[in-house]
Amino acid sequence: MISVITVTNRHGGIDVNWSALRRQQFRDFEWVLVDTLYEERKEAVKTYTKEDKRVHHVKQRPKEAMVRTWLNHAENQGIRESKGELIIFLQDYIYIKPDALEKFWLQYETNPKIFVSGVGHQYQCPEVM
């Protein structure tokens, strides 16, 4: 299984991620959404994702005193929440093509110690499906 981790503290963007994830050809994934706005939009996320069991929407914990950045703190929380064999970080507002997770998985099967960065062209429009 793949764990896709998205950390967000902004309004919007979740629709872009979920639009891409729900169209993935590779279906064995979970989406760990670590959200500072959890309380404000938890019901909206449930409704929008149709309570898909692959979606794990979690409230970002308060930053610990020794933590330098909120982003790393939240990413570490996402890793702790993940159950997947492969972890992919997907920033909010990023759309990936329907075969993206499958390509990551195939690369992982070829070399389980692989590290891949980058998911596409920043000016490409999301596909309409």
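Helices (H or I, at least four residues) and strands (E, at least two) are DSSP runs, numbered from the N terminus. The model shown here is predicted: local features need pLDDT of at least 70 and side-chain atom pairs count only at pLDDT 80 or more, while totals for chains, interfaces and linings use all residues. Residues are numbered from 1 along each chain as its sequence is written, and side-chain values use heavy atoms, with hydrogens and water left out.

**Figure 1**
Of the 129 residues in the protein, 40% are buried (under 20% relative accessible area; exposed is over 50% and partly exposed is in between, with a 1.4 Å probe and protein chains only). Now take the contacts (heavy atoms within 4.5 Å) between residues at least 6 apart in sequence: 70% of them join residues at least 24 apart.

**Figure 2. The open sheet, with its strands in the order E3-E2-E1-E4.**
Four strands make up this sheet, and their pairing is parallel (two strands pair if DSSP finds at least two bridges between them). Which strands sit at the edges? They are E3 and E4 (86–89), and each of them pairs on one side only. From one strand to the next, the twist averages 20° (axes are lines fitted to C-alpha atoms, for helices over the stretch in contact, and angles run from 0 to 180 degrees between N-to-C directions). Strands E1 and E2 are joined in the parallel sense by seven bridges, and in E2 it is Val34 that partners Val7. E2 also runs parallel to E3, with five bridges between them; look for Leu33 opposite His57 in E3.

**Figure 3. Strand E1, largely enclosed by the rest of the structure.**
Seven of the seven residues of E1 are buried, so this strand is largely enclosed. In a regular strand the side chains alternate between the two faces of the sheet. Here, Ile2, Val4, Thr6 and Thr8 point one way from E1, whereas Ser3, Ile5 and Val7 point the other way. The residues on both sides are buried.

**Figure 4. Helix H1 and what packs against it.**
How many of the eight residues of H1 are buried? Six are, so H1 is largely enclosed by the rest of the structure. Those six are Ile14, Asn17, Trp18, Ser19, Ala20 and Leu21. They pack against strands E1 (2–8), E2 (29–35) and E3 (55–59), and against helices H2 and H4 (100–110). Zoom in on Ser19: it is buried, with a relative accessible area of 15%. Apart from its neighbours within four places in sequence, Ser19 is in contact with Tyr48 and Tyr95.

**Figure 5. The crossing of H1 and H2.**
The axes of H1 (residues 14–21) and H2 (residues 38–48) come within 11 Å and cross at roughly 25°. The two helices are therefore roughly parallel to each other (angles under 35 degrees count as roughly parallel, over 145 as roughly antiparallel, 65 to 115 as roughly perpendicular and the rest as oblique). The crossing is right-handed, where the near helix is turned clockwise from the far one by less than a right angle. On the H1 side you'll find Ile14, Asp15, Trp18 and Ser19, which meet Arg41, Val45 and Tyr48 in H2. By class, that contact has four nonpolar, one polar and two charged residues (Ala, Val, Leu, Ile, Met, Phe, Trp, Tyr, Cys and Pro count as nonpolar, Asp, Glu, Lys and Arg as charged, and the others, Gly among them, as polar).

**Figure 6. Helices H3 and H4 lying across strands.**
H3 (residues 70–81) lies across E1, E2, E3 and E4, at about 145° to E2. H4 lies across E1, E2 and E4, running at about 135° to E4. Ala74 belongs to H3 and is buried, with a relative accessible area of 0%. Not counting residues up to four places away in sequence, Ala74 touches Val7, Val34 and Gln60. Lys63 is 11 residues from Ala74 in sequence, and their C-alpha atoms are 8.4 Å apart.

**Figure 7. Lys50 and Glu51 in the loop between H2 and E3.**
Most residues other than glycine have a negative phi, and most peptide bonds are trans. Lys50 isn't a glycine, yet its phi is positive, at about 55°. Glu51 has a positive phi too, near 50°. Buried or exposed: which is Lys50? Lys50 counts as exposed, at 72% relative accessibility, and Glu51 counts as exposed at 54%.
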